[in-house]
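The sequence and the structure are shown first.

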Amino acid sequence: MVQLYNLHPFGSQQVVPCKLEPERFCGGGRDALFVAAGCKVEAFAVAGQELCQPRCAFSTLGRVLCLAYSEAGDYLAAIEEKNKATFLRAYVNWRSKRTENCRVCIRMVGHNVEAPFNDTYKDQMSIIEMPLTEAPLCISCCPAKGDLLVGCTNKLVLFSLKCQIINEEFSILDFERSLIIHINNIIPVEISFCVGYIALMSDLEVLILKLKSDPKNGKNVNHQPHKTNNPMKQTEGASNETLQLESDDFVICQKPMELLGEKSSQSGISVTLESTGLADEKIKYYHVQHLLYKRFAPDISSYVLADDIKLHSLQLLPIYQTGSLTSGRKNLSQEKELLSLFCFFSLPHVGYLYMVVKSVELMSVYQYPEKSQQAVLTPQFLHVIASNNLQCFTVRCSAAAAREEDPYVDTTLKACPPVNMDVCALRIQLFIGLKAICHFKNHLILLTKADPETIPERRESPKRLLSRKGTSVKLKTPPVAEAGWNLYIVDTISPVQLYKEMVDYSNTYKTAKTQSCIHLLSEAHLLVRAALMDASQLEPGEKAELLEAFKESCGHLGDCYSRLDTQYSHLALPYYKMSGLSMAEVLTRADWVLEDGSQKYERGLIFYINHSLYENLDEELSEELAAKVVQMFHVAEPKQLPHILCSPSMKNINPLTAMSYLRKLDTSGFSSILVTLTKAALALKMGDLDMHRNEMKSHPEMKLVCGFILEPRLLMHQRKGQIVPTELAAHLKDTQPGLLVAAVLGLQKNNKIGIEEADSFFKVLCGKDEDIIPQLLVDLWEAQLVAGLPDVVLQELFFKLTSQYIWRLSKRQPPDTIPLRTSQDLSLICGPSFDIASIIPFLEPLSEDTIAGLSVHVLCHTRLKEYEHCIDTLLERCPEAIIPYANHELKEENRTLWWKKLLPELCHRIKCGGEKGQLYLSSLKETLSVVAVELELRDFLNVLPEDGTAAFFLPYLLYCSRKKSLT
């Protein structure tokens, strides 16, 4: 049995001033109601709280058997009967009909209206005749595109809505018969059509199909019918024939069946597509995807009437992507993006709601307390009528659609009540003699009729009632006056008003801490969510009120999950986030004291606060609330206490209070290093440097680094996206810079902090501008270089360090602090892995007039193998360094440069004279000694200058001539 809440979803009601007893009726967009009676259709204006007033009326061919309205195109479609023949007609531009006797334009479907077009036609109603080869049984309009689907005995016919342009200023609506769907073995009693999805229903069967365009195979269709595969067709066909067999001794009926997805193609129902669009038109080619087949078996255990075993109220309900939708009635190009689609159908005592877009799933089953006659599904409710009451049930459409729309639902960011949550009845309203119902906007249209006493003329046997050929039961009515009837418009109250009533109702469960409180608040939440999704129905200003109610409902659900110790207590976090409540507001709302005076902190609240404090919220708790949080975690989660105290939100905690709780901790089972570092940080806040030093000395440095890796917030916080160093970090900068650099390096290696975050941390810590690099940051870079990083990061690191070194050399700027590493620890530019060409452009500001600048230039050009350039540079600026340079660099394949470049260059400079002559002469002697060893005598003679003094070169010639005999 469905749980019943005695709420009030229904508001005011009024009587529709019909002249004749209604036979069919339906809503007409946002502001109209159509009522068919006799051979006439009356249109009534329905606007807000105003009384329903007649708007216009128009005659039909005969009695209206079926009526359907399409908001897309703003037209009315009807199946009409005259002289035992049925006709399909569409009434367009009906709003222009002022009086019942004014002129009407009647035309055949597809008839081209050629210019010149009489201007008077613009202001008159048009009736479009749609002839069919078979009698139409039922119709359905696509709510998104306005296409019309017609159900016949053996087929469905699709008429596509289109716009026929008459001239530049005027166009008219028309239809094109674009597709015929041949269906065997099922006769549609009701159909529903929405954006290519088709649901059709017989007395005991439901079939859901999807028409899919196939552009790849479009050229191969050529208007030929397309059949679906039916492996069970023959067996099922035989079964259907068997079903027709009847005798006086037994009844044959098929067993119930449910086939989902592609398996539903095995139902035995044959589906054949035939494209009928004109060859010169843009034709959509389709193939069929089977989604659902469900067959019910009648209950033969009791003696029942035929109507007790028939399905009714087939409906496809779309939910579109939220956002602004164009509302122009004549804009046929408007496209609503389908988010979710739901299918509802019902037996007299039970209803079924399926989700059918991405997958076919049974969402809800509705057990009615009484036999139902008709039902109508909306995004917010399921309204069901019995003979003497109107029932209002909740639905889960918005819960399913929310998960389709937002991937963050069911995460720590967002939540939504589950789709499989039990449905409930909000109200069962007494209403005598209900016969029919329809819904549009926030109105329910109800037909009541007080039947006089009826006497069954005869009763059929159950076997007769189970047959597909069973005749309907005829009731003998006494010859009395015609029974009384009324057509009512019942307004549903605004979602916000009903939401408030549901919240007030939930307070009766609040103290008991039962699941009923969560259930009713979840229903209230889904009610508001559904209203927000149906944006086209919202009045101006109503959305803001709904959004406020939505946030409030999230807060209520957060309260429930925070104080209940259930497996779903973690949902307190996303609901509180969605509520927009601050952490302080949540803590103020929390129930701290139980009925017996004791304190207990449930998992939901602990989970919420723990995550919130980890997320670096830009919110600082007051000293009182911070103390409550510390007390809470000391009782519920003591191992989390050091982490909690490191949160920036706990900045205002009294350090004495925090220290007292830390001293009570039993550090066995978790890191005592983390407790030590937390105590050291609190000691700094207290100004007790001795306690701080004692705590820091209690563990070796590497263990302290591990503690910082466990809790990075000991060193840095994030405020509004910016890195903010802690007081402990500032103290370590002055007292233990090596530990600080090692800790940050450890955070980087463990992916607790990024490279840019580390750079920003040291710049802020040292109080430097963005363009100035503090020495501590250089120390970090050098530590990273020694520690070893991936090649991509290594190249960037080389670049940053080299740029900084060059800047210091060019500006002659010493480090702001003592470097942690010396030059002996590093070998940067000379390293083989560095791309030296990338920094050559940055060497321009570095002058060669200084020893450091000259060294950098020579080293870089040497790495580029520009040895001759380096020899010239050194001979010009530092000749005393030329021989050490040559001994180090001019080896192996570069050894020839001793006599090809260095020797002639020295001879030339000595000949030119100058103050550096002695240095050049000394270098020449060293060079000759090397060349004499390397070359044979004849080669040595060839490299000597022709105008040199023989006595100067003679010792080197003698050594060169003797070296062979010496060896």
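In what follows, a helix axis is a line fitted to the C-alpha atoms over the stretch in contact, and an angle between two axes runs from 0 to 180 degrees between N-to-C directions. The model discussed here is predicted.

Two packed helices are described by the angle between their axes and the distance between the axes. For helix α5, which spans residues 515-533, and helix α6, which spans residues 542-563, the axes come within 9 Å and cross at roughly 155°. Since angles over 145 degrees count as roughly antiparallel, α5 and α6 are therefore roughly antiparallel to each other, and their crossing is left-handed. On the α5 side the contact includes Cys517, Ile518, Leu521, His525, Val528 and Leu532, which belong to the set that meets α6 residues, among them Leu546, Leu547, Phe550, Cys554, Leu557 and Tyr561. Taken by class, the contact of α5 with α6 has 14 nonpolar, four polar and three charged residues.

Turning to the strands, an open sheet of four strands is arranged in the order β3-β4-β5-β6, and its pairing is antiparallel. The edges of this sheet are formed by β3 (24-27) and β6 (53-59), each of which pairs on one side only. On average, and with direction ignored, neighbouring strands of the sheet are turned by 20° against each other.

How many of the residues of strand β23 are buried? Nine of the nine residues of β23 (residues 312-320) are buried, so this strand is largely enclosed by the rest of the structure.

| Strand pair | Residues given | Sense | Bridges |
|---|---|---|---|
| β3 and β4 | β4: residues 32-37 | antiparallel | four bridges |

Of the 967 residues in the chain, buried residues make up 49%. Among the contacts in the chain between residues at least 6 apart in sequence, 64% join residues that are at least 24 apart.

Terms used
Residues are numbered from 1 along each chain as its sequence is written. This is a predicted model: local features need pLDDT of at least 70, side-chain atom pairs count only at pLDDT 80 or more; totals for chains, interfaces and linings use all residues. Side-chain values use heavy atoms; hydrogens and water are left out. Two strands pair if DSSP finds at least two bridges between them. Helices (H or I, at least four residues) and strands (E, at least two) are DSSP runs, numbered from the N terminus. Angles under 35 degrees count as roughly parallel, over 145 as roughly antiparallel, 65 to 115 as roughly perpendicular and the rest as oblique. A crossing is left-handed if the near helix is turned anticlockwise from the far one by less than a right angle, and right-handed if clockwise. Contact means heavy atoms within 4.5 Å. Ala, Val, Leu, Ile, Met, Phe, Trp, Tyr, Cys and Pro count as nonpolar, Asp, Glu, Lys and Arg as charged, and the others, Gly among them, as polar. Buried means under 20% relative accessible area, exposed over 50%, partly exposed in between (1.4 Å probe, protein chains only).
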